[in-house]
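Please keep the sequence and the 3D view at hand while reading.

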Amino acid sequence: MPTNSAGSLAAFLRDRRTRLDPASFGFSGRRRTPGLRREEVAQRANISPTWYTWLEQGRGGAPSADVLNRIAKGLMLTEAEREHLFMLGLGRPPEVRYIGVEGISPRLQRLLDTLEASPALVRTATWDVVAWNRAAQVVLTDYSALPADQRNILRFMFRSPAIREKQHDWESLARFVVGAFRADAARAGAVSEVRELVDELCSASPEFAALWRENDVLSHGDGTKRLKHPVLGDIELEYSGFAVDGRPDLSLTVYNPVDSAVAERIRELARHSKAQVSSEPVR
């Protein structure tokens with residue numbers, strides 16, 4: 001008799017196999033049951049058909065992480081399903097794999113846009129900004145005016161004199177940013193992905209290089225940010241960080257003005273910015 005974990009793994013594999021459409025994978029022929037055949041999954045996963053059959057029967061021993069990854073690919077599992085497969089097969093989640101992000105869902109963008117007085121942005125584990133709202137444009141940075149490969153918070157901090165001038169305590173903020181960036185990259189399995197950026201900043205900024213050598217690791221949770229804004233003057237914002245759908249590769253940060261009068265002025269600036277864009281002629 002299979003153990004409970006082996007039986008659960010077997011049931012999960014059988015269920016996901018029967019959900020796949022053979023025609024979409026180039027398999028033909030009449031079938032008595034829905035989904036792919038066991039040998040077809042084994043072929044796609046590049047493992048022994050006999051061993052895969054044993055796994056679906058709740059025997060054959062614990063599969064390796066490599067085999068589970070192959071099966072996950074063969075069965076076209078989502079990341080959540082792949083994690084569940086590892087929990088059933090090995091009793092632990094898989095090692096984190098970093099997946100680059102092009103953008104966010106329209107639903108999340110609509111959520112950002114409802115925050116008219118609160119700057120909000122979504123960044124990746126490599127601290128590239130991939131989404132923002134109008135309030136973020138008028139208070140923090142007009143990300144839409146920058147090429148996509150330049151929307152990186154580390155580059156802003158260490159390579160932009162204008163951004164540096166807006167900070168009340170640049171040294172403390174820079175130390176915090178480097179420590180939180182290091183933690184985010186490691187948590188998301190993106191250490192190799194940030195190596196080029198780190199090398200670039202170490203060469204361009206002795207201050208970054210010194211902070212990076214200190215190996216500090218910090219958590220980006222919540223706190224207070226003070227800015228010298230060219231229109232709003234000195235302002236204070238409370239910020240909170242959130243995971244996006246529980247994903248380690250995306251983070252949402254919302255900045256809330258401490259002063260209600262400042263909040264109203266941000267709202268007005270954001271509306272004015274939106275009106276300007278709407279009135280521009282189509283080219």
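The radius of gyration used here is taken over C-alpha atoms, and the rule for a globule is 2.2 Å times the number of residues to the power 0.38. For a compact globule of 283 residues, the radius of gyration would be near 19 Å, but the protein chain has 25 Å. The model discussed here is a predicted one.

**Overall form**

- The protein chain contains 13 helices and five strands.
- Taken along the principal axes, a box of roughly 70 × 50 × 35 Å is filled by the C-alpha atoms of the protein chain.
- Among the contacts in the protein chain with a separation of 6 or more, 53% are accounted for by residues 24 or more positions apart.

**Surface, burial and charge**

- Of the 283 residues in the protein chain, 42% are buried.
- The protein chain has an accessible surface of about 15900 Å², and carbon and sulfur atoms contribute 50% of that surface.

- Which residues of helix α12 are buried? In this helix, which spans residues 206–213, they are Phe208, Ala209, Leu211 and Trp212.
- These residues lie on the same side of α12, because they cover an arc of only 165° around the axis.
- The buried residues of α12 are covered by elements that include α8 (153–159), α10 (170–187) and α11 (195–204).
- The exposed residues Pro206 and Arg213 are carried on the face of α12 turned away from its buried side.

- Most residues other than glycine have a negative phi.
- Asn215 is not a glycine, yet its phi is positive, at about 60°.
- Where is the place of Met76? Met76 is found in the loop between α4 (65–74) and α5 (79–90).
- Is Met76 buried or exposed? Exposed means over 50% relative accessible area, and Met76 is therefore exposed, since its relative accessible area is 52%.

Terms used
Residues numbered from 1 in each chain as written. Predicted model: local features only at pLDDT ≥ 70, side-chain atom pairs only at ≥ 80, totals over all residues. Heavy atoms only, no water. Helix = DSSP H or I, 4+ residues; strand = E, 2+ residues; numbered from the N terminus. Buried < 20%, exposed > 50% of the residue type's maximum accessible area, 1.4 Å probe, protein only. Contact = heavy atoms within 4.5 Å. Areas by Shrake-Rupley, 256 points an atom, 1.4 Å probe, with all protein chains shown as cover. Arc of directions from axis to C-beta.
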